[in-house]
Amino acid sequence: MKAFSQIKPVLVSVALLWGTAQAAPSADAVLDASPIDDIVAQYPAMMSQGIRDGLKRSGRVPPFAADTIGHMVSSSFNARDIQAQIVADLESNLSEAQLQSVMDWYDTPLAQKIAEAEIAASRPEAWAEIQAQAPALNKRFRGSERVEMFDRFDNASRATESAVDTSIAVQSGLATALSALKGADAASFEQIQAQIENQRGMLEGMVNQQVFDSYLFTYRDISASELDLYIRFLESDAGARFSGVVTNSIQRAITAPIESIGNQMVRFLNPAS
């Protein structure tokens, strides 16, 4: 206050009012304005379904066991804890100016329209619809501007990269736990990780196609010019920082409980252990 001691009271009042009006939004407010909190709320169900379906396809456990493990997975993730971690990371890694820029984007009608589309497409039950519509949407948009923009979207959002890294971390953790059931014949964590890493190239191709199909489905009612504006936001300094911090927070939140989930799986499949 000493620095303002010589300013006339009316000017002080104006300055204080301006400062209040221009105060940067909180990280919590930015997250609430974005679709991230709504999408994260569905993560426990998404993770449960993904791991359950993967176990059933692998044939490594009976179907009833896969369902039980799926329930274990769902109860191991807390959406509110993930959201709290994202808020803490945003507070630590984004400047007030960057938070304001992100809030400015999400306050626009276009951002709200895109957010609604992303939330709808993130529902666990939406994946079956994405797969069903993929052939028709690939045909409909073949050679279009939005197809040409996909690489920009994927690079800016890190969708394929983060999905592959998360998948490898989850597979490594669960495979190590299941391998422990073999006792002395079990492969080491390093051996399992190396085996899974050797599949990274194949996994990247598969995941990239899934991300592409999801991209076409999610933004099918968003015009190419609107999509370009969204990608420009993701490529901007504030948008890239926001997206990167959120992605890293979610990756850590997903992989952190995997060891515990693996141990629960071992105890369930081998109660005597």
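I took contact to mean heavy atoms within 4.5 Å. On that basis I looked at contacts between residues at least 6 apart in sequence, and 84% of them join residues at least 24 apart.

I noted that this is a predicted model, in which local features need pLDDT of at least 70, side-chain atom pairs count only at pLDDT 80 or more, and totals for chains, interfaces and linings use all residues. Residues are numbered from 1 along each chain as its sequence is written, and side-chain values use heavy atoms, with hydrogens and water left out.

Overall make-up. I found 17 helices and zero strands; these are DSSP runs numbered from the N terminus, helices being H or I of at least four residues and strands E of at least two. Of the 273 residues, 42% count as buried (under 20% relative accessible area, with exposed over 50% and partly exposed in between; 1.4 Å probe, protein chains only). The protein exposes about 14,900 Å², and carbon and sulfur atoms supply 54% of that area.

D228. I located D228 in helix α15, residues 224–235. Is D228 buried or exposed? I count D228 as buried because its relative accessibility is 14%. Its side chain makes a polar contact with the side chain of R152 at 2.9 Å (a pair of N or O atoms within 3.5 Å; within protein, one must be able to donate a hydrogen and the other to accept it, and residues adjacent in sequence count only if both atoms are side-chain atoms). Neighbours within four places in sequence aside, D228 is in contact with M149 and R152.

Q98. I placed Q98 in helix α7, residues 96–106. Q98 has 13% relative accessibility, so I count Q98 as buried. With neighbours within four places in sequence left aside, I list N93, D237, A238 and R241 as its contacts.

α8 and α15. Helix α8 (residues 109–121) packs with α15 at about 95°, their axes 11 Å apart. Axes are lines fitted to C-alpha atoms, for helices over the stretch in contact, and angles run from 0 to 180 degrees between N-to-C directions. I therefore call α8 and α15 roughly perpendicular (65 to 115 degrees; under 35 is roughly parallel, over 145 roughly antiparallel, the rest oblique). L110, K113, I114 and E118 of α8 meet E226, L229 and Y230 of α15.

α15 and α16. The axes of α15 and helix α16 (residues 237–255) come within 4 Å and cross at roughly 75°. F233, L234 and E235 of α15 contact D237, G239 and A240 of α16.

Definitions and conventions: Areas by Shrake-Rupley, 256 points an atom, 1.4 Å probe, with all protein chains shown as cover.
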